[in-house]
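Thanks for taking a look at this one with me. Below are some notes to read alongside the coordinates.

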Amino acid sequence: MDFLVFQYPMITVQACLDGILLGILFALIAYGMALQWGVMNIINIAQGDLVILGGYIAYFMYLYGIHPAWGVIVAPIIMYFVGIGIYKLVINKVVDRDLFISILATFGISILFMQLMNFAFGADVVLANSGYGTTMLFDSNVVLPNSKIFSAFISILFAVCLVIYMKKSKLGRAIRATAQNARAAKILGVDTEKVYAATFGINAALCGVAGALVSITFTIHPYMGLPYTIRSFMIVIVAGLGNLPGVAMSGMGLGVFEEFADYILGTEFRIGSVFLLLVLILVYRRFKLSKKREYLK
Amino acid sequence: MSKNNLILYAAILVFGLAAPFIFPAFKVQLSILCVLIVLAITWNIQGGEMGYNSFGNILFYGLGMYLCASVQVGMFFPLAEWTESGGEKTFVHTPAQFFQGMAVGLVVAAVVPTIVAGLIGYSILGLRGHYFAICTLGLGVAAGEISGGIEIIGAGQGFTTPPFPNIGSLEARGEFFYFLSFFTLILTFIAVRSIYSTRFKLILNAIRDNEDKAEAMGIETMKYKIIGWMISAFFCGLAGGIMGGLVGYIDSTDVAFDGREMGVFMVLMAILGGKGTLWGPIIGATVFHIFKEGFWTFFLGWQYVALGVLIIVIVIYFPEGIMGWLREKYPERFGEVVDEKDRKAQVELK
């Protein structure tokens with residue numbers, strides 16, 4: 001199975017399509033992270049755990065006989081208030097502090113959530129079956145689950161809605177102003193405290209949407225949060241803050257990379273390869289930046 | 001060294017030597033405490049003094065653990081067959097083989113992580129702030145995931161370290177590991193203390209306070225950052241090697257590269273005690289260990305919830321740690337000259 005990818009071109013096509021559909025979902029999570037990183041200058045390690053929590057909301061709807069696709073609407077509403085709650089309890093005390101403090105505090109939130117979910121929902125790997133069937137392409141050589149196509153479509157929909165909201169609404173303008181210069185925004189009458197809370201809530205809501213989609217397309221497990229955090233962090237640093245097409249592109253790139261790593265190295269190295277890629281990207285970035293610094297000399 | 005300090009050190013030494021005989025039931029706990037203190041001190045070297053907050057020192061710890069055990073087995077028996085046989089022992093170490101293997105294993109466990117730190121240091125220590133923190137976090141998790149896929153060291157099913165040979169009394173195992181970890185602790189403390197009294201520490205502090213300025217002053221910051229990290233890795237690997245023998249079983253993500261436990265513990269202990277102080281990590285680790293053992297027995301099952309809450313509370317309310325709090329309260333004891341008027345004015349302002 002090692003080099004099946006090269007012998008059968010159809011598998012390559014399959015991996016690419018799978019990766020792109022997966023990557024769009026990653027890009028949605030990364031967009032939330034970029035938003036709060038840009039506005040509050042906080043890196044939320046608990047991002048992935050919020051995703052998983054959103055997934056459990058959809059899963060419970062599925063258990064009670066409601067179609068899990070409705071989770072896409074219910075999860076963000078619940079998660080918005082969860083996000084506001086986290087902000088009021090913890091984040092507003094670390095916003096202006098040292099970056100490391102905020103990383104460690106969100107790490108604590110991540111461990112807390114992981115464990116609470118483990119108690120509440122059990123340590124089983126679960127999925128919410130959407131029953132959408134599959135689509136066959138190229139003489140049924142490429143098989144795409146409809147749920148993945150659905151998830152990619154919903155992700156794009158939410159991202160577009162959010163972009164329009166950010167551009168047009170009053171709160172969106174306030175958020176963008178705070179991201180540019182929090183002090184100036186405050187002087188001009190923006191209630192930054194409210195903006196921060198709203199940003200965190202919107203980010204949590206995005207995580208909720210993404211989580212509901214994850215529970216439909218893949219599986220969820222209380223401890224699977226950290227890889228989502230790392231993926232979104234990676235996408236954001238590759239794309240840069242506030243570069244939406246870049247986020248989408250690098251999300252898809254990451255998805256394709258993961259599918260190929262899965263095929264070539266084997267599934268047991270999938271998560272490991274994601275983390276290694278993060279290290280490699282950061283190291284590459286460091287050498288690129290240091291070259292720039294030398295020119296300045 | 002003042003006379004008071006000398007008495008303090010002597011008291012700690014005597015207590016440390018006598019502890020396993022005074023509290024025979026707590027030998028394993030005391031050994032773990034020693035290892036935890038070593039980890040907190042090593043984290044403090046680059047986290048507290050150098051200002052490079054790493055989540056990835058667990059990498060060196062796990063590496064040391066695997067290396068020590070593999071060398072100890074591999075010196076006398078084929079490693080692949082050992083891990084395959086798992087719990088049922090087909091090979092038995094003689095006492096001489098066990099101790100030789102342990103000695104060589106510990107040397108390897110200390111030296112190889114140091115070299116690894118030196119090699120990756122140049123590329124990774126160029127990152128700043130949160131990029132460094134996340135990068136090292138990724139490094140630690142990646143190491144756990146990858147080592148969980150390697151067959152020869154037991155892959156997902158784990159690796160049993162050689163059992164302690166049958167010599168003398170039943171107490172021998174506990175005493176051996178206690179003294180091993182206690183002497184490692186003393187070695188670490190002496191080494192770190194002597195490092196902290198040199199110019200090297202001032203350079204590390206300069207890097208922490210303002211790296212660009214330090215570079216402008218003509219300090220080759222990269223060189224010192226790498227050396228600092230290598231020192232940290234050396235003792236971290238050593239602690240890992242001892243812990244592997246103490247636990248008796250190595251698993252890739254639950255014991256060796258356990259970012260969720262050890263990796264956070266070492267950061268937390270150093271912060272609880274006070275970053276950037278000599279005694280902070282030691283006090284922090286001791287308090288943390290006592291606290292943790294209490295929690296772990298009373299809140300069985302809820303320990304990670306308690307851990308999560310503990311992290312948040314410590315980070316939000318005690319970012320300066322116990323030493324920082326003492327310093328605020330009794331600045332005279334720390335050799336700071338206090339202007340009473342100024343202090344009162346500040347208190348009033350608060």
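How many residues does the contact take from chain A and from chain B? The contact takes 32 residues from chain A and 31 from chain B; two residues are in contact if their C-beta atoms, placed from the backbone, lie within 7 Å.

Before the details, please keep in mind that this is a predicted model, in which local features need pLDDT of at least 70, side-chain atom pairs count only at pLDDT 80 or more, and totals for chains, interfaces and linings use all residues. Residues are numbered from 1 along each chain as its sequence is written, while chains are lettered from A and ligands numbered from 1 in the order in which they are written.

1. The side of chain A that touches chain B. Helix 4 (71-94), helix 5 (99-121), helix 10 (225-239) and helix 12 (270-296) of chain A each supply at least two residues here. Helix 5 of chain A gives the most, with 13 residues. By class, this side of chain A has 25 nonpolar, 4 polar and 3 charged residues. Helices (H or I, at least four residues) and strands (E, at least two) are DSSP runs, numbered from the N terminus. Ala, Val, Leu, Ile, Met, Phe, Trp, Tyr, Cys and Pro count as nonpolar, Asp, Glu, Lys and Arg as charged, and the others, Gly among them, as polar.

2. Helices 10 and 11 of chain A. The axes of these two helices come within 8 Å and cross at roughly 130°; axes are lines fitted to C-alpha atoms, for helices over the stretch in contact, and angles run from 0 to 180 degrees between N-to-C directions. That makes helix 10 of chain A oblique to helix 11 of chain A (angles under 35 degrees count as roughly parallel, over 145 as roughly antiparallel, 65 to 115 as roughly perpendicular and the rest as oblique). From helix 10 of chain A come A:Arg231, A:Met234, A:Ile235, A:Val238 and A:Ala239, which meet A:Gly246, A:Val247, A:Ser250, A:Gly251 and A:Leu254 of helix 11 of chain A. This contact divides into 6 nonpolar, 3 polar and 1 charged residues.

3. Helix 11 of chain A by itself. Residues 244-265 form this helix of 22 residues, and its first and last C-alpha atoms are 31 Å apart, close to the 32 Å expected at 1.5 Å a residue (the expected span is 1.5 Å times one less than the number of residues). Its buried residues include A:Val247, A:Ser250, A:Gly251 and A:Leu254, along with A:Glu258 and A:Glu259. A residue is buried if 20 or more other C-beta atoms lie within 10 Å of its own, exposed if 12 or fewer, and partly exposed in between. Just after the helix, A:Gly266 takes a positive phi of about 110°.

4. Another phi to check. A:Asn41 has a positive phi of about 60° although it is not a glycine. Most residues other than glycine have a negative phi. A:Asn41 sits in the loop between helix 2 (9-40) and helix 3 (47-63) of chain A, and it counts as partly exposed because 14 other C-beta atoms lie within 10 Å.

5. Helix 6 of chain A. This helix (residues 146-168) has 23 residues and reaches 33 Å between its first and last C-alpha atoms, close to the 33 Å expected at 1.5 Å a residue. A:Ser147, A:Lys148, A:Ser151 and A:Ala152 are among its buried residues. Their cover includes helix 2, helix 4, strand 2 (142-145) and helix 9 (192-217) of chain A.

6. Helices 3 and 6 of chain B. The axes of helix 3 (residues 58-74) and helix 6 (residues 129-147) of chain B come within 8 Å and cross at roughly 30°, so the two are roughly parallel to each other. Their contact has 5 nonpolar, 4 polar and no charged residues. B:Gly140, in helix 6 of chain B, is buried, with 25 other C-beta atoms within 10 Å. Not counting residues up to four places away in sequence, B:Gly140 touches B:Phe55, B:Gly56, B:Ile58, B:Leu59, B:Phe257, B:Gly259 and B:Gly263.

7. B:Phe234. This residue lies in helix 10 (residues 221-247) of chain B and counts as buried because it has 23 C-beta neighbours inside 10 Å. Leaving aside neighbours within four places in sequence, B:Phe234 is in contact with B:Ala110, B:Pro113 and B:Thr114.
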